[in-house]
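The exercises below are meant to be worked through with the sequence and the 3D view side by side.

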Amino acid sequence: MQEEKSLVTLAENIAAIRKRMERACVMSNRDIKEVKLLLATKTVPSSRIIQAFALGETFIAENKVQEVKEKYTDLQAYSFEQHFIGHLQTNKIKDILKYKVSCIQTVDRIELAEKLQNKLAADNQLMDVLIQINTSNETSKFGIAPEQALSFIEQVSKFKNLRIKGLMTIGLFSSDAEKVRACFKRLKTIQQQVIEKQIPHVEMKELSMGMSGDLEIAIEEGATIIRVGTAIFGQRQYPDSYYWNEKE
Ligand SMILES: *Cc1c(COP(=O)(O)O)cnc(C)c1O
């Protein structure tokens with residue numbers, strides 16, 4: 001009974017998000033097929049993720065390598081795509097490559113890119129990555145400063161086992177929609193600049209931006225991946241600072 005009720009809630013929440021996505025696409029004249037819904041599953045138990053799979057969602061992301069690891073066995077039998085959206089510590093690289101992660105969205109420093117490259121090359125593996133940009137310029141947030149994005153991407157493009165697919169950002173937390181929008185516009189501008197540079201081995205198709213509170217603005221500004229947690233799974237037990245501001 002409890003289980004059934006929670007499944008209904010989950011189905012309703014997902015349907016509501018899909019509706020918001022559709023409306024935002026209509027408003028901005030975009031094809032809904034261009035925007036993927038990524039479920040941010042931090043703190044969400046495997047059983048709940050499996051319910052989301054049953055409802056047709058198969059695109060998930062974790063913030064901590066420890067959580068990827070803990071849920072790995074439970075989810076092993078299912079077919080899904082998993083990205084990593086948390087701050088990646090270099091001493092966790094070895095671990096993350098063991099599990100089912102197809103893209104690291106948070107490459108934000110050369111040391112991380114270099115160590116990832118070395119490990120991938122040693123294992124003869126490739127990894128899709130996004131470059132995380134700090135579009136809000138808040139010192140508390142991870143990501144490359146917008147002014148440094150181009151040169152950083154040129155450097156990372158030399159690491160042949162990393163396949164750059166686009167950019168990721170966390171927008172400003174603000175009730176001022178125009179300030180939030182400015183962050184997403186900044187990411188779009190960087191995307192255009194990188195495309196113009198025609199850097200070999202760099203694809204710029206993906207823009208991962210927009211969350212529960214600002215997904216409409218992100219879609220209007222060109223998001224191809226929106227990352228949604230709270231609006232689907234409910235409030236989390238820990239504040240986001242726990243995930244976004246951990247120290248190396
Ligand atoms: C948790 C998280 C999200 C989802 O945020 P909600 O506001 O819960 O939708 C998106 N992106 C990142 C990087 C996250 O850590």
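**Exercise 1. Determine the handedness with which H6 passes H7, and describe their contact.**

Solution. H6 passes H7 in a right-handed crossing, where right-handed means that the near helix is turned clockwise from the far one by less than a right angle, and left-handed that it is turned anticlockwise. The contact is made by Ala-149, Leu-150, Ile-153 and Glu-154 of H6 and by Ile-190, Gln-193, Val-194 and Lys-197 of H7, contact meaning heavy atoms within 4.5 Å. These residues divide into 5 nonpolar, 1 polar and 2 charged (Ala, Val, Leu, Ile, Met, Phe, Trp, Tyr, Cys and Pro count as nonpolar, Asp, Glu, Lys and Arg as charged, and the others, Gly among them, as polar).

Next comes the geometry: H6 spans residues 149–156 and H7 residues 177–197, and they pack at an angle of about 50° with their axes 10 Å apart. Here axes are lines fitted to C-alpha atoms, for helices over the stretch in contact, and angles run from 0 to 180 degrees between N-to-C directions. H6 and H7 are therefore oblique to each other (under 35 degrees is roughly parallel, over 145 roughly antiparallel, 65 to 115 roughly perpendicular, and the rest oblique).

A note on the basis of these values: this is a predicted model, in which local features need pLDDT of at least 70 and side-chain atom pairs count only at pLDDT 80 or more, while totals for chains, interfaces and linings use all residues. Residues are numbered from 1 along each chain as its sequence is written, and side-chain values use heavy atoms, with hydrogens and water left out.

**Exercise 2. Describe how H2 packs against H3.**

Solution. Helix H2 (residues 46–54) and helix H3 (residues 65–75) pack at an angle of about 55°, their axes lying 10 Å apart. That angle makes H2 oblique to H3, and H2 passes H3 in a right-handed crossing. From H2, Ser-46, Ile-49, Ile-50 and Phe-53 meet Lys-71, Asp-74 and Leu-75 in H3; the residues of this contact divide into 4 nonpolar, 1 polar and 2 charged.

**Exercise 3. Locate Val-26 and give its exposure.**

Solution. Val-26 is found in helix H1 (residues 2–27), and its relative accessible area of 65% makes it exposed. Val-26 and Glu-220 are 194 residues apart in sequence, yet 9.4 Å apart in space from C-alpha to C-alpha.

**Exercise 4. Summarise the protein chain as a whole.**

Solution. The secondary structure comes to 10 helices and 8 strands (DSSP runs numbered from the N terminus, helices being H or I with at least four residues and strands E with at least two). Along its principal axes, the C-alpha trace spans about 55 × 40 × 30 Å. Buried residues make up 52% of the 248 residues.

Technical notes
Buried means under 20% relative accessible area, exposed over 50%, partly exposed in between (1.4 Å probe, protein chains only).
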